[in-house]
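Subject: Structure handover

Hello,

Here is the structure I promised to pass on. Please open it next to this email and follow along.

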Amino acid sequence: MWHKATRLVTLLAGLLLAGCDRQGASDALLVDYQRRLAEALATAPPSPASPDNIPAFPAPDERLFEIPETREGLLAVHALRRCHITTLVAQRNSALGRVAPPSQRWHYELELWRRLAACRDSEVAEALDESDRARLERLAAIKGEQLARVSWNALLGSSEWVGNFSRASRPLTPRGVDDLAPYLAALDYLETATRNQFNPDWRLDTTILEGHLQTLQESPLSARLLRTLMLANQRLTETNALLATRLRQGAACERRDTLRRVDEEQLSARVRPFLATLATQAEAWFGALGRLYDAHEVARAPIRDYHRRWFSLEAPATPWAEFQAALAHHRALWARLREACGLDQGA
């Protein structure tokens with residue numbers, strides 16, 4: 001019998017640990033804080049509700065531009081051979097070129113436009129006959145007009161970018177992102193590349209670009225920060241309701257020492273640092289996302305709407321705005337509780 005009871009306890013403990021693992025350490029921290037606070041206030045803890053899932057990223061037909069193929073015959077391309085585009089066109093039309101990832105297609109289109117534009121403004125163009133010169137002018141104009149949409153598609157069509165908003169992500173731990181700098185550097189390079197694509201003195205380095213995209217692929221950071229923010233909002237809202245109800249009823253101050261320990265050992269030592277880290281990292285990441293999108297001269301409306309609703313630092317009714325409001329309310333409620341129970345006076 002004793003052995004059966006031991007196995008049952010072990011099984012239950014395992015199930016509890018598995019449940020905590022699925023919830024994540026951040027949720028476990030906040031739920032434990034709720035429980036200890038409720039106990040100190042001599043009331044029942046809230047029943048933690050599951051936060052909503054993060055929103056699905058827009059589908060390809062909603063986020064990408066249709067860019068028609070530019071078709072020219074071999075003789076026409078050969079006529080522009082002194083513009084140094086024949087090898088480039090051949091690479092693009094090869095078997096590998098046709099299945100190249102969006103980032104490499106961006107590099108190809110950027111290089112093709114630059115060679116055409118440089119040729120158009122050189123003495124090579126003067127040596128062309130009238131029809132070939134007109135063709136050069138037309139191709140340079142088409143490729144220049146398409147480039148902003150190509151760079152948009154390069155970002156929004158890449159698996160690394162789409163995966164960064166994966167709904168299968170988990171919340172971050174209370175430590176947050178161990179090192180945010182490489183991820184921010186990736187967004188910064190993408191922004192710099194986008195802003196400078198029409199600058200003839202700047203060169204897109206595909207090795208650096210692919211390295212930064214690989215960094216983004218290491219963790220779905222956009223999704224994880226958003227999910228953690230939504231989790232924190234849910235738990236703060238529940239905790240605020242608990243505090244507001246207890247204050248309205250007349251705060252139970254009989255357990256002042258317990259309340260003080262919750263304040264010092266839970267709120268100040270564990271919960272507040274977690275929320276501060278989350279705020280700092282979310283603000284940095286969401287701000288970098290916004291700057292990257294703003295760097296693009298064109299954008300698809302569903303992506304603009306998606307970003308504004310879920311990742312904007314300025315728009316109302318976003319997870320970030322809700323987090324700021326819930327956090328400010330939580331601080332105000334605790335200030336009232338400390339005053340009501342004389343916690344600041346060491347009573």
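First, a term you will need. A crossing of two helices is left-handed if the near helix is turned anticlockwise from the far one by less than a right angle, and right-handed if it is turned clockwise. Keep in mind too that this is a predicted model.

**Overall picture**

The protein chain has 16 helices and 0 strands. It holds 347 residues, and 46% of them are buried. Now take the contacts between residues at least 6 apart in sequence. Of these, 84% join residues at least 24 apart.

**H13 and H14**

Start with helix H13 (residues 221-249) and helix H14 (residues 256-295). Their axes come within 10 Å and cross at roughly 135°. That makes H13 oblique to H14. H13 passes H14 in a left-handed crossing.

Which residues of H13 and H14 make the contact? On the H13 side they are Leu221, Ser222, Leu225, Leu226, Thr228, Leu229, Ala232 and Leu236. On the H14 side they are Phe274, Leu275, Leu278, Gln281, Ala282, Trp285, Phe286 and Leu289. By class, the residues of this contact of H13 with H14 are 13 nonpolar, 3 polar and no charged.

**H7 and H9**

Next, look at helix H7 (residues 102-120) and helix H9 (residues 130-156). They pack at an angle of about 155°, and their axes are 9 Å apart. Angles over 145 degrees count as roughly antiparallel. H7 and H9 are therefore roughly antiparallel to each other. Their crossing is left-handed.

The H7 residues in this contact include Trp106, Leu110, Trp113 and Arg120. They belong to a set that meets H9 residues, among them Leu136, Lys143, Leu147 and Val150. The residues of the contact of H7 with H9 divide into 14 nonpolar, 5 polar and 5 charged.

**H7 and H12**

H7 has another partner to look at, helix H12 (residues 206-218). The axes of H7 and H12 come within 10 Å and cross at roughly 155°. H7 and H12 are therefore roughly antiparallel to each other. Is the crossing of H7 and H12 left-handed or right-handed? H7 passes H12 in a right-handed crossing.

Ser103, Gln104, Trp106 and His107 of H7 make the contact with Thr206, Leu209, Glu210 and Leu213 of H12. This contact of H7 with H12 has 3 nonpolar, 4 polar and 1 charged residues.

**The nonpolar cores**

In soluble globular proteins, nonpolar side chains tend to be buried together. Here, the largest nonpolar core has 76 residues. Which of them touch the most other members? They are Trp161, Trp285, Phe323 and Trp334. H14 gives the largest share of this core, 15 residues.

Zoom in on Trp161. Leave aside its neighbours within four places in sequence. Trp161 is then in contact with Phe57, Leu155, Leu156, Leu187, Leu190, Leu216, Leu289, Leu292 and Tyr293. There is also a second, separate core of 15 residues. Leu80, Cys83, Val89 and Leu128 are included in that second core.

**Glu160**

Glu160 sits in helix H10 (residues 159-163). Is Glu160 buried or exposed? Buried means under 20% relative accessible area. Glu160 has 15%, so it is buried. Leaving aside its neighbours within four places in sequence, Glu160 is in contact with Leu213 and Gln217. Glu160 and Leu213 are 53 residues apart in sequence, yet 6.0 Å apart in space, C-alpha to C-alpha.

**Two residues with positive phi**

Most residues other than glycine have a negative phi. Ala42 has a positive value, near 55°. Ala42 lies in the loop between helix H2 (25-40) and helix H3 (60-63). With a relative accessible area of 43%, Ala42 is partly exposed.

His84 also has a positive phi, near 60°. Where is His84 found? It is in the loop between helix H4 (74-79) and helix H5 (86-93). His84 counts as exposed, at 57% relative accessibility.

Best wishes

Methods
Residues numbered from 1 in each chain as written. Predicted model: local features only at pLDDT ≥ 70, side-chain atom pairs only at ≥ 80, totals over all residues. Heavy atoms only, no water. Axes fitted to C-alpha atoms, helices over the stretch in contact; angles between N-to-C directions. Helix = DSSP H or I, 4+ residues; strand = E, 2+ residues; numbered from the N terminus. Parallel < 35°, antiparallel > 145°, perpendicular 65-115°, else oblique. Contact = heavy atoms within 4.5 Å. Nonpolar A, V, L, I, M, F, W, Y, C, P; charged D, E, K, R; others polar. Buried < 20%, exposed > 50% of the residue type's maximum accessible area, 1.4 Å probe, protein only. Core = buried A, V, L, I, M, F, W, Y, C linked by side-chain atoms within 4.5 Å.
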